[in-house]
Every structure is written in structure tokens, then in C-alpha cells.
Amino acid sequence: RDLHSFPTRRSSDLVVTWTACVTVGWELPKDPSKPKRPIRRTKAGFQTKKDAIAYCPVLLAGGVEKLSEAPRLSFYWKTYSEGDMLQISRGKQSAYRTAWKKLRQIHDVRVDAITVDSLRAAVSNACHTYDTAKDCKNLLSNLFRLAAADRFASRDLPSYIILPDHEEKEQTPFSKDEQRKLWKAYDDGDRRAAAHLLMIYTGMMPGEAQLLKVENIDLQNRIIVRSGIKTKVRKRTPIVLADCILPVLEDLISNAMPSGYIWKRNEKAWYENYYAVLEENECRKLPPYSCRHTTATALAVDSNVAPQTIRKIMRWSTIRMLDRYAHPQTEDAIAGVNQIGN
């Protein structure tokens, strides 16, 4: 009874996997009248009963012994997705889940049988953009790191994956005329435009705006706290508030959801409202991230704010990000060079 396995069913996709389970001891209860409890070690995600039973000695030995046969790649996805992956950001977790779905042609291939050619083919067949292919490559690096620890594969194998050309498109900031139209829409009673204005005048990312809660807003000290996402700098640095945005935030707070969130937790509806406001007010169909680029451009070009201060406002780790976010036009460059004088 110490070595056995049992099937585990995932009802969402009707996939049955097997879990290895061993009993390594017994826990005696403080109350003698209660039965003792078994101390077990388990490992889930095996594709067959044979694989699960073969792993039981490894569990019994505390992981010292090796499997007699290399597991499939899906085994290491199960291990990674339920372990180390939970320590990274939600956005990256979602990206890796998408990447894993795209790699379905090698899900059930034994890791020791995967070659450089098969990895390259799996990525190139499923991914046609740089970012998606990079997510697949990074995910595979994590999976092969685990396989290498079990001595079933080389951890460097994914490094041979060739990514497509990276053609990063330059984001376009909103023009001053478009900003005036958004202000007019808000002043005329369209509270949906508050999202655009909040991001433009704070430099908030779309994900930060969607998750904003009343408890994060400190109007007295003119900051928003505990709302940063993705990077450590954004998470620990408060968002500073301009005078013009304070009335907008007061309005949003007074109309917040019962849950404490500023907007309903409906990402699809949030984006639909965002683009609807642009269309109704004859603004270009720029993505929400253009709001953050508008902030940086206004600070660097229109207001000539010192780079170190911009870094603080934008919550960057380095001022080198300014080259990516500020978008001066030719006339801005002419005005700048004219400041040199005779």
C-alpha cells in the first residue's frame, strides 16, 4: 500500500493524468482517541499509470533516484506551472499559458527525444511574431532547466531557437487637440473619458488603471500607492498626482464600485469603453498604452522637465527609458536648437 498511483481528472478539458503517491510515515494525533494520519508524498501530471508507478520509488527515496524513463514535456509543464511559475507576475503567467498552448505539437514528446530541429519547428509553426516566440523560448528554457536537473535533457537546448525579426513599432502619443477633446467629453458628463485622462496625467499603465481601488488613492498627499505592476520600481514607487486630475479622482471615488474598485472588473468592457470614447470624439484609435507615452512626451518636450524627475514620475529604473517613451517632432527639435541662441 506504500507504493500506488491513482488517476486525477481535470473536468475543464477532460484530460486524465496519473498521480504517484507514497506513504512515508504516520502522524500521531495529540488526542489518543483519534486515528493516526498517513504522511504522504505525491507527484501529479503523469500521462500513464506506468509512468506514475515508475516514479513512486523516487518519492519514497526523497527524490534521490532517477526515473527509469524520461517523462514527456507536459510533465515538466505541470511541475513548472504549479510551482515556480506562480512566483512571477500574473501577466507573464498568462503569456506562458498562451505559449504552452501554441507548443501543443511537442506536449507529449519525451524530453530526451526533443531535438533542436523539433524545438525550432514547434516555435516557428506556432509563432509568427517576436513577442510570442520569445515567450515560447523563455518558457521552454524553464522547462528544460527542470529536465536538466533530472539529467534527462540539456538546459541549453532552447537557446538554439531562432526568433523572428523584432520590429518594435513606435507608440504614438495623443495630440494636444485630442487631449482637449477628451477633457471636453469628460466635462460634458462622459465619465468614461476619466480613464484616458487619468492615464495621461499620471503615466499609469492600463493594467494599473483597471485594478485601481479607492484605498490606494491618497488625495491629501496627492499620491496613489500600492498600484504598480510588473516591475519592482513601479510597485514600490507612488504615483504622483497633478492638480488638474484631483477633481477627476474625487468624482471617480464618489462613484466607485461597492467592491472598492474604481471600475467594474470587466476587462473587455473597459477596453470597449476606452475605444468608444475615442471614436465618439473623433480621436485616433490609439491603444491605452499611448496615454503613458503622452505623459512622457509632455514632460520631456512640452514642459522640459529634468530627466531624473521624469524618471521619478514615470517610475522607471533608468532614464534610458526616456528614448523609448518621449516622441519629439521635427518642430520640437527646431525649437530646442533655437534655445541655444547666437
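Contact here means heavy atoms within 4.5 Å. With that settled, here's a quick tour of a predicted model, where local features need pLDDT of at least 70, side-chain atom pairs count only at pLDDT 80 or more, and totals for chains, interfaces and linings use all residues. Residues are numbered from 1 along each chain as its sequence is written, and side-chain values use heavy atoms, with hydrogens and water left out.

**Overall picture**
- The protein has 15 helices and six strands, taken as DSSP runs numbered from the N terminus (helices are H or I with at least four residues, strands are E with at least two).
- Buried residues (under 20% relative accessible area, 1.4 Å probe, protein chains only) account for 39% of the 342 residues.
- Take the contacts between residues at least 6 apart in sequence: 58% of them join residues at least 24 apart.

**Nonpolar cores**
- A nonpolar core is a set of buried Ala, Val, Leu, Ile, Met, Phe, Trp, Tyr and Cys residues joined through side-chain atoms within 4.5 Å.
- The largest one holds 39 residues, and Leu-73, Leu-139 and Leu-140 touch the most other members.
- Strand E2 (15-27) and helices H1 (49-60), H2 (73-81), H3 (90-102), H4 (116-126) and H5 (130-149) each put in at least two residues, with H5 giving the most, at eight.
- Leu-139 touches Trp-77, Tyr-80, Tyr-96, Ala-99, Trp-100 and Leu-103, leaving aside residues up to four places away in sequence.
- There's also a second, separate core of 33 residues, with Ala-193, Ala-195, Ile-200 and Leu-241 among them.

**H7 against H12**
- The axes of H7 (residues 194-202) and H12 (residues 289-302) come within 7 Å and cross at roughly 40°; axes are lines fitted to C-alpha atoms over the stretch in contact, and angles run from 0 to 180 degrees between N-to-C directions.
- H7 and H12 are therefore oblique to each other, the label for angles that aren't under 35 degrees (roughly parallel), over 145 (roughly antiparallel) or 65 to 115 (roughly perpendicular).
- His-196, Met-199, Ile-200, Tyr-201 and Thr-202 on the H7 side meet Cys-291, Thr-294 and Thr-295 on the H12 side.

**Around Ile-217**
- Ile-217 sits in strand E4 (residues 217-218) and is buried, with a relative accessible area of 11%.
- Beyond residues up to four places away in sequence, Ile-217 touches Leu-212, Ile-223, Ile-224, Leu-249, Ile-253 and Ile-262.
- Ile-217 and Leu-241 are 24 residues apart in sequence and 9.7 Å apart in space, C-alpha to C-alpha.

How values were computed
Buried < 20%, exposed > 50% of the residue type's maximum accessible area, 1.4 Å probe, protein only.
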